[in-house]
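Here are my notes for you on how the inside of this protein is packed. Have the structure open while you read.

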Amino acid sequence: NLSKKFKIKIVSEKIPLGTAGALGLLKNKIKKDFFVVNCDSLINCDYSSLLNYHKQNNFDLTLVVSKKNATLPYGLCKINPKGKLVKIQEKPKIDFLANTGFYVFKKNFLNQIPKNKNYDMNLLIDKMLKRKKNIGVYPVDENEWQDFGNWQEFNKYSG
């Protein structure tokens, strides 16, 4: 239930700038911390809780991540520095945190983005890590994230 009326202003790229580069067009237009979500991701979480977590921890950037696991279809070979096999692990299961493409930014974080340059989010995050910025992660359950970035996933949910 939306009790407020919202104004929407569309900002268009003249050339492709990448996810982070396009955010650079918002410099001096954003007055508060803000959400960014890739158009091929759907996140079902408590956005108020996420924003509170971001603010309470004074993060410059918060990445929403999802717990995932995968089974490698191959045997994993571990070797020593001389190239000798130490161990083989057949079809190992790996647990990891996947970036969902959903972020919470501090408003002043936009100052870190080069102007009118194609700049992807991973480059921005790497730059901020090198500068020792405060970057946090907010985990969501695997079933709270749907990634529609490929046709196989899209077809699962499109019915």
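1. A term before we start: contact means heavy atoms within 4.5 Å. Keep in mind, too, that this is a predicted model.

2. Take Tyr 103 as your way in. Leaving out residues up to four places away in sequence, Tyr 103 touches Phe 34, Phe 35, Val 36, Asn 38, Leu 61, Thr 62, Leu 63, Met 121 and Ile 125.

3. Now zoom out to the largest nonpolar core, which has 17 residues. Tyr 103 is among those with the most contacts inside it, along with Leu 23, Leu 61, Phe 105, Met 121 and Leu 124. Which elements each supply at least two residues of this core? They are helix H1 (18-23), strands E1 (34-37), E3 (61-71) and E6 (93-105), and helix H3 (121-130). H3 gives the most, with 4 residues.

4. There's another core lying apart from that one, made of 10 residues, including Cys 45, Leu 50, Ala 98 and Val 104.

5. On to the rings: the count comes to 8 aromatic pairs. In one of them, Tyr 47 and Phe 102 have ring centres 5.2 Å apart and planes at 45°, so the pair is tilted. Tyr 47 sits in helix H2 (residues 47-56) and Phe 102 in strand E6, so this pair links parts of the chain 55 residues apart. Tyr 47 is partly exposed, at 36% relative accessible area, whereas Phe 102 is buried, at 2%.

6. Tyr 53 and Phe 59 make another tilted pair, with centres 5.7 Å apart and planes at 55°. Here Tyr 53 is partly exposed (28%) and Phe 59 is buried (10%).

7. Finally, back to Tyr 103: ring pairs link it with Phe 34, Phe 105 and Phe 109 into a cluster.

Terms used
Residues are numbered from 1 along each chain as its sequence is written. This is a predicted model: local features need pLDDT of at least 70, side-chain atom pairs count only at pLDDT 80 or more; totals for chains, interfaces and linings use all residues. Side-chain values use heavy atoms; hydrogens and water are left out. A nonpolar core is a set of buried Ala, Val, Leu, Ile, Met, Phe, Trp, Tyr and Cys residues joined through side-chain atoms within 4.5 Å. Buried means under 20% relative accessible area, exposed over 50%, partly exposed in between (1.4 Å probe, protein chains only). Rings of Phe, Tyr and Trp (its six-membered ring) pair if their centres lie within 6.5 Å; planes under 30 degrees apart count as stacked, over 60 as edge-to-face and the rest as tilted.
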